[in-house]
Structures are given as C-alpha cells and as structure tokens.
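Dear colleague,

Please find below the sequence and the structure that I am handing over to you. A summary of the findings follows them.

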Amino acid sequence: MAIPDFQACMLPLLRFATDSGPCHLDVATKALEDHFNLSQEEKAQLYQSGQTVIWNRVAWARTYLKQAGLLEYPGRGMLQITEEGKNVLSSGVEKIDTKYLERYPSFMDFRKRSKSSVESPAGLNPDQLVELLLEFAEVADNWFAAPERHFVVDYWKFMRDFFDAENLEKVDWPDIQRLGEHIHSLHSNALAKTRAFGNPNYSIEQYRKTLYTLAHGQGDVEERMRWFLIDDNAASKYLGSSSVSEIMGQLNADTHVFFNKRDEEAARYLGIEPGFTRADDDARRFAKFNQALRPIFEAYREIVGKRTEVPIGIEIDQFFSWLYETKNLGKRQPLPRNGSSKVWEYAPGPNAVYWEQFYKESIAAIGWNGIGDLRQFRSREGIADAIKKVRNTEAEPRNDSLALWQFCNDMQPGDIILVKKGRRTLVGMGVVEGVYQYQEGRPDYDHVRKVRWEQKGSWPLPEGLNLTTKTLTDLTPYPDHVAKLKGLFAKIIPLPARNYWWINCNPTTWDIANVSIGQREIFTSYNADGNKRQKYKYFEEVNLGDEVLAYVTSPVRRLTSRLVVTKELEDTPEGEGIELEVVEHFAVQPEWETLQKDDRLAECEPLKNNQGTLFSLTENEVAAIREIIDGVTPDTAEPYTVEDALDDLYMPEETFRDIIERLKTKRNVILQGPPGVGKTFVAQRVAYALMGYKDQDRVRMVQFHQSYSYEDFVRGYRPSENGGFILKDGIFYEFCLRARADERPYVFIIDEINRGNLSKILGELMMLIEHDKRTPLYAVPLVYHKDGESNFFVPGNVYIIGLMNTADRSLAMVDYALRRRFSFTNVMPAFEEEKFRQRLIEMSGDGLGDRIAKIFIELNRKIAEDDKNLGAGFCMGHSYFCIEKTDFIDRQSYLRIIETEIAPLLQEYWFDQPKTAKEWIAELKAVAG
C-alpha cells in the first residue's frame, strides 16, 4: 500500500501507545510500518533531510497528538499516552485527524502559534527543531569557547570597529587589507583574496566612500548590497557576492545570518525553503534567505538563549555550522525523492555533438571518465576533489562536480530531460528510465542512464528565452520557464536528413582558421574563372543545417574548423553559392598524414582524391574524425611500467622513481649530465612510465639551438606559398591543444635545453609552465593573438623534460628564473652499477668487459677531481658501450670506440694538456690487450 499521510497515523499511534506504555518514537514507527504492511521500498523512502518518509509522518502525528493533550513526552524522542488520550480511545473513535483535534484549545493555540494550516507537512516538525536546539544548548558554551572558534568574536569586533562611520573616514590601504583577512570566505580562495586585497584596485577615497555607503547608505540591506555589487562606482569589482554577504551578515547580525554553503545546507536540513526564483539576483537571494529564517531566530532566543557578546545572527550561523558538522551535512548523499518528477536541461556534448549517437543508444551520458565510478563518492565535494586531482588545480570545479553529482544521485527514473544544442535550440525530449551506470569500456562519456527519447527535432527558442551553458541543470524550481520550454514541443520543426561535407579552404582567399566564431560567408559554386566547381552536384544537395568540416590546404594541411549550412544554394551578390557559419575552431587540428593513417578513413572521399572543393562525408567518417579531434581514438599502445623501464636502463630504481615523482609534483624536470649517459634514452623511459603506456603519440621531442625561436615553439608568422606571411602555430602550442582535449599525461622532451635563448623561445611560457599556473585562471593572450581567440594556458597534464649536457663549454648558465621552474636530476655514468658491469662482461670476452669498467671508473675519477678545468659534469658516459643485446664488443670494436669517439673528446677536455690526453688515450687502448 502507499505510505499513509500523517493524519492516518494518528489513531494507530495512539492505540499503540495504549498497549506499549512509554516508548521511543523509533519503536512506534516500526510498529506502524508493520500495521500498514509497508514494503521494504516504502520503508526506505527518504526526504532530503535524511529521514524516512514514514518516520517523519509518525513524528508529525506525535506532535499533533501531543499539542492536543492526547500524548505526552516522558523524555527526548519518547511518547506516552495521557488520560485524555485513553478517554478518546475508550469513546470508540474511528478516525482522528486535524479537524477532530480542533476541539482541543491547546491544539488551536498551537496552530495559531505556528501559523500552520498545512494538511500534509514535510521536513522537520516543530518538535524536531526544538530537539535540535536543545541538543545544541547543551554544548553551546563549549562550542563557542573552543580555541578554533575564537575568531567568531574577533571577526565581529573587527567588522564593528572597521565599519564605524568615523573610522571609515580614516581607513587606509593597510586597513583595507586587514578587512580581507577578516572575511572567512576568502580563507579557502587565495586567488580571490589576492585579486581583492593584493593591490589597491581603487583610490583609497573610493574605498572609503563606497564602503560607507554599503554600511550606512540609504535603502535597506538588500538595496545597499545590490548597489555595491553592480554599481561601477562601488569598490566591488574584485569582491564576490559571498564575501559581500558575509560583510552584510556581520553588519546586520541582529536580524541576518551569512549566506554560505553551510548555512544553505543547514536551512535545507531544517526544511526551510526560501522560495528562490530564476530572476533573483544575489542580493535578493540573501534577503529571501534571511526572511525565511525569522522563525529560527525566535526559537533560538527561546530555547538556547544568547551565549556570547556577538549578535544573535552570528550565533545562529554557528548553530548552522554545528548542524553541518555533527549531522554530516557536507557528506550526505542526495536522496531519492518522494513526489513529482524533476525536469532537467541537458547538453549531450559540446554543441550536442553526441546527440545522434545517444539518441540511437537510448541513453543520456556525461563525461569526466578520469575519476571513475561516481557511486564511490559520498559527497559532491569528493567529486570536486577528484576532478581537481585530475586537473592538477585548486580551482573549484563547481559546475562539473554539481552536474556529475546530480546525474548520479538526484536524477531519477521518471524525470524529464530536455536536450539542448547551444543556448538557443532544443533538439529533443525524453524520460529517464534507468539508474546511473558506470560503463568503463566506453571511449568517452562513461557515466550513463537509459532514456526513452520521445521527441527529436529542432525547436529554436523565441527572443527572451535562453538556455544555460551548463551540461546539466535542474529546472524544477522554475516552473514558468519549464512550461515555456515544454510548449515549444507542440511546434516541432522536423529536421531534414543531415548531410556531412568536407570543404577545402585556401587561406589566401578564405583564411578560415582566423575567422571569428559566428561569422558567415558565402562559398560560391563557381570558381574565379566562372566555371562550375568540381562535384557541382554536391552544392545542389546541401541542406540547411548540414555540418561542414573545413580543411586548410596550405601551408600546413589540416582540418581546423566546423561550419554549419545557414543557407542552401541560391543566387547572392557574391554569385551562386551556399552560406556557411563558423561554429567551432578545433582545439586539436589533425593534419593530413594523421587522417590518412586512420583505417576508419580508408574510403574517405577527400582523402582518396583531394582534387576539388566540396566532398561528401559519411556519418561514421565524421564520428571517426571527431574522435581524433577529441583525443578519444582507441588506445593501441602497450602497457609500460617502471619495471619495464628499468629493464632497459642502468640506473638505480630509487633514482628513476624519484625522477617520476619530481615530474608529477613539479611538472618540469631537467636531466643533466655529461655526454654519453643516455639522457634522451632515460627521458623516453620516464615518459612511458609516467603515462603507463609506450605511447609515442603522447610524447614529442625537439632540440633547442641558437637559432630556435618563439615563432618555432609557440606561434609566429611564416612565409606562405604565395609570397606573403601566414600565422602558424608552433610545435609546443599544438601539443598543448592536443593534451587539453585529453585527460591522460602528455610529455614534451626538450633536448639541449640550455643551447637556446630561453627567454626568447619561451616568452610568456616562462610563467605558464609553472606547476601552480596550469589552469585557465592564469591564461594570458599570446604575443601573436587571433581575434576572438581565448587566452592560452599550459594544461596540467603536460609534463616537460629538459635535457642538458653539462660538458658543453660553449653554453651560458641557465636562466635563474627557469631554474626555479624545474627540478634538476643528475644522470651519471653507470660503470659502477653492477647491472651494467655484468652486461659489459656478457657482451665481451677475455675479461675485456671488466677491464673496461675499471679503467673508465678510474678515468672518471680523474676528470671529477680536476675541479679547475673539468669536474663531475665532464665524466665519460656508459652509452658508448650500450649496443644491441645481440652484438658483441671485441678488441677491434672497442678500439674503434676509443679512437673515434672517446679520444677526440679527451683531446678537447685537455686541449691545454696534450700530454695528459695522450697518456689516457694510451691507457684506454691498452685495455684491449
């Protein structure tokens, strides 16, 4: 049967109390569960506060019976029938409800006091609020006296004194900075604090005047707060609404509390609903929230009473903090709903790129594969921490963590999903049918729910009606907005069959890669000579809404952009043609060679014969290209471990693991050492071990030299085939864009890093490569900046390994600024490593390997002791003798190594001591026997 309402629980509860004597509410609830023969699912239904529905309704029944004098409370959480209650039962009453209880004056007084005529209450009832306040009253003195909460009084006193009218007239910049130190919400956001109080953002007079208006100006709290947040003259550009609400809460604490996450969670737990609407700004939400808390102020005064010298609003804020911590509000899972369905606004990938696929699969799915099964997380904060770890950033991923949390926990079967494309078009509607699933094998978007899609088409929104930019949004609190969106589905505009096209763009006539998003162009169906273009029939087959991939034909042949057809073939002032709108520039722009290597594109028309302008693509070919762009191509690389790396290396395991740990922490390391120690070889193995795969596609190497420039590395103008210049992305810029579209590690290796002019090559990257600057928060415009282009940052999954030869006399010292950004590790000769020594012995005969190891240990000791001219950085490396495992070092091959590789280096080392060089060359040769 359905769960009974609280009125249906009254008579059975009173009868149970007659039979049981004094008992706990939990025991009574269990008895009524059996009385009503509830199923396990019905017993488990929960409210958002964490209470089961049946327990809540029995609790409300107990409250009403107690207010009428039919029950009494012998202790906390207890109930016991009164004499009046026994009289009621002995009268043979067949139904007790609120109308029946109105015969008791005490009940009517209760109804009048509570101003409640609600027939089906939900959430905490008055008794439960009283019990929570009584519980806090017992610990309040200790709570406020705890050393970690001394700031409560200190902060309030500071705010009171700082905002005193006379004091505000005299504040100076150090005083303003101290204000920042007394805003609690800034403690966990160092960037926000730095922006607001790191440097003066306004004149001191502007600070004084606008802060005075905020505290003492005309209008009520809401009006002054709104003015401060939006007026251009207010000193609030770098001060967010959470900080301003905290200030207003401190200044008006007799009637207000703060408006932070803890306060909102606590109010929700207490069943308080402020009634926010979509149109409410931050100031209105602050006012509504505090208006809804008025009953809490009255109850707190009556039950807890003032315990400190601070105003009551600050004490109530601490009561909310106590609830948040002791009731685990920050760790509670969102709970299954009991009631009507929710309505969700949902984006199936950027610009609905996965809509066709999800429609066919009858699913809705969202991304963030890297954090695993969402059911492992006990709170939204846990998801946020996992995202920050993947991103390697401290920036709070509020939208992403909320979308994932709601998709896993809040969304339920029966909910309605409205599918959007951008902010101006709905493309589908469906009903959720399944629970959350984690489908680990999917190449992308592995968080999945089954959906019955009921509508598919295109519904442009009228003016004044917009969609959000978030992946997933709960629209349920905005019924008027939902009604307008649902109304669109009665005006369906059927989509024609969508075609996919490839179009060749010559940058000398249409530089598509530098065209702003949203710009429209006519692409003519006739060439400059007035002749029909090849495959003219394709122009005739183009439909409105078709997608077009733009391919730049020179100087670097690659796909750069996605377009959409906005007008079919027609006569225009430019001539007969189709109109195209630029909707996306790809972060990763695959080159011709990359596309040709993909087996899925073996029959792709423009890749088989690129003579022409417009080519047809199949849906599968577009999907394959999109996967290349998004970095979700199947991973065929073989797994690679530290053990695999050490099998190829002659390096202590501890040193190798230390390099990887430094790389993970610092993001940038330099392997430095003398010639021949295998720095490049080590760097590749470090890269593979870091990635966990031997995947050359995610490793890129360059070598710096004196002519290497910023234009080569980041971006710059390069000659074009027509004699002009074209802006071309550098190798590191392209590498970062590829990595940004993926979550896996990418490793960039720079050989001879100290040979180049580092300040010239790196430019703004000198800051951007720092490990704590790898987020969009630190993005900056490049020297060569395209119109409409987002600022650039180095993603957190890009790791840089620099290689430096310590024996090159021609090199200047590495820039100290660069040294601070890298962790340095010495890679030394391995002649003293037992593993290498054994390898030498195995690949040579007659004891030659042992003699080689001994003589080079001695030579390196001599070089290291020569502090005046040489030193340890000039020692001889072991890689001169690292040959194929099937090869053999005999006398002749050893002497050839000495004569052609070692001897010239020693002669250079001791160019001013030729006798020393000659003697050591002779000793090395003597080893051959």
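**Overall organisation**

Among contacts in the protein (heavy atoms within 4.5 Å) between residues at least 6 apart in sequence, 70% join residues at least 24 apart. The model is predicted, so to speak of local features a pLDDT of at least 70 is needed, side-chain atom pairs count only at pLDDT 80 or more, and totals for chains, interfaces and linings use all residues. Residues are numbered from 1 along each chain as its sequence is written, and side-chain values use heavy atoms, with hydrogens and water left out.

The protein has 39 helices and 25 strands; these are DSSP runs numbered from the N terminus, with helices being H or I of at least four residues and strands E of at least two. Of its 929 residues, 51% count as buried, that is, under 20% relative accessible area with a 1.4 Å probe and protein chains only.

**The five-stranded sheet**

An open sheet has its five strands in the order S20-S23-S24-S18-S25, with parallel pairing; two strands pair if DSSP finds at least two bridges between them. Strand S20 (699–703) and strand S25 (823–826) form the edges, each pairing on one side only. From one strand to the next, the twist averages 20 degrees. S25 runs parallel to strand S18 (residues 668–673) and is joined to S18 by four bridges. Within this pair, Leu671 is opposite Thr825 of S25.

Helix H29 (residues 653–666) packs on the sheet, where H29 touches S18, strand S24 (798–805) and S25, and its direction makes about 145 degrees with that of S18. Angles run from 0 to 180 degrees between N-to-C directions, and axes are lines fitted to C-alpha atoms, for helices over the stretch in contact. Helix H30 (residues 679–691) lies across S18, S20, strand S23 (746–751) and S24, at about 165 degrees to S24.

**Helix pair H37 and H39**

Helix H37 (residues 848–865) packs with helix H39 (residues 914–926) at an angle of about 165 degrees, their axes being 10 Å apart. The two are therefore roughly antiparallel, a term for angles over 145 degrees. H37 contributes Ile855, Phe856, Glu858, Leu859 and Lys862 to the contact, and H39 contributes Trp920, Glu923 and Leu924.

**Helix pair H14 and H15**

Helix H14 (residues 221–230) and helix H15 (residues 241–251) have axes that come within 11 Å and cross at roughly 145 degrees. Val221, Arg224, Met225, Phe228 and Leu229 of H14 meet Ser241, Val244, Ser245 and Met248 of H15.

With kind regards

Key:
Angles under 35 degrees count as roughly parallel, over 145 as roughly antiparallel, 65 to 115 as roughly perpendicular and the rest as oblique. Buried means under 20% relative accessible area, exposed over 50%, partly exposed in between (1.4 Å probe, protein chains only).
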